[in-house]
Amino acid sequence: NNLALSFLPATFYWRQACVNAALSDQQQQLSAQQADTVHRQEEALRRQEAQVESLQRVIREQESELAGHRSRTDALRRGIAMIVQRALQCGMSDDALSRIAAVCRDTCVLESAAQLYEELLKHDPLNVGALTELGFLYLRTQHPDKAADVLNKAVSAAADDRTKAAIIARMQAIKTKMAGSGGCAEADNVR
């Protein structure tokens with residue numbers, strides 16, 4: 001029995017050493033797994049940072065391009081405004097004024113278009129085309145009261161029911177489209 005008792009402390013220490021070795025191996029595996037996880041997370045973070053930098057570069061390029069478009073648009077609007085002033089000063093024909101007004105409307109130079117349609121209405125207060133276009137310009141520029149007055153005049157001045165119905169249908173289509181978007185270009189396709 002003494003012999004068995006003498007092996008007991010040795011067996012205990014040997015088992016404790018085995019447990020400690022197993023724990024040490026597990027700790028090393030966990031440390032390796034943690035290091036691998038940290039490495040993968042760092043790689044993912046670097047990729048995300050590279051993507052963010054790439055997106056920031058694209059945004060800067062887009063902003064620069066947009067600034068160029070704004071500059072060209074401003075130049076176009078100034079040019080059209082000069083043409084409108086010359087057209088008004090030169091006493092152009094109603095047909096020419098109407099064409100220039102349509103270009104202004106189509107390029108969203110709405111103030112100039114409105115000026116031209118108002119000039120056309122000075123020559124012919126019952127010009128259904130000018131009344132209609134001016135009314136729709138007022139709708140597009142968020143002046144619903146003016147639009148209603150002018151469009152009612154257009155409907156009253158229209159010679160036949162078909163023209164009246166076309167004006168009302170176009171007005172409803174533009175109102176619906178404008179309620180959803182509110183921008184200038186959105187209403188351009190409704191004619």
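1. Helix H2 (residues 94-106) and helix H3 cross at roughly 155°, and their axes come within 8 Å. Here an axis is a line fitted to C-alpha atoms over the stretch in contact, and angles run from 0 to 180 degrees between N-to-C directions. The pair is therefore roughly antiparallel, a label for angles over 145 degrees. Helices are DSSP runs (H or I, at least four residues), numbered from the N terminus.

2. A word on the source: this is a predicted model, in which local features need pLDDT of at least 70 and side-chain atom pairs count only at pLDDT 80 or more. Residues are numbered from 1 along each chain, and side-chain values use heavy atoms, without hydrogens and water.

3. Which residues of H2 meet H3? Among them are Leu97, Ile100, Ala101 and Arg105, while the H3 side includes Leu116, Tyr117 and Glu119; contact means heavy atoms within 4.5 Å.

4. Now look at H3 by itself. Its buried residues (under 20% relative accessible area, 1.4 Å probe, protein chains only) include Leu110, Leu116, Tyr117, Glu119 and Leu120.

5. You can check the length of H3 (residues 110-123) too: at 1.5 Å a residue, its 14 residues should span 20 Å, and the end C-alpha atoms are 20 Å apart, so the two agree. The expected span is 1.5 Å times one less than the number of residues.

6. Further along, helix H4 (residues 128-140) packs against helix H5 (residues 144-157) at about 160°, with axes 8 Å apart. That angle makes H4 roughly antiparallel to H5. Leu131, Phe136 and Tyr138 are among the H4 residues in this contact, and Val150, Leu151 and Ala154 are among those of H5.

Note on methods: Helices (H or I, at least four residues) and strands (E, at least two) are DSSP runs, numbered from the N terminus. Angles under 35 degrees count as roughly parallel, over 145 as roughly antiparallel, 65 to 115 as roughly perpendicular and the rest as oblique. Buried means under 20% relative accessible area, exposed over 50%, partly exposed in between (1.4 Å probe, protein chains only).
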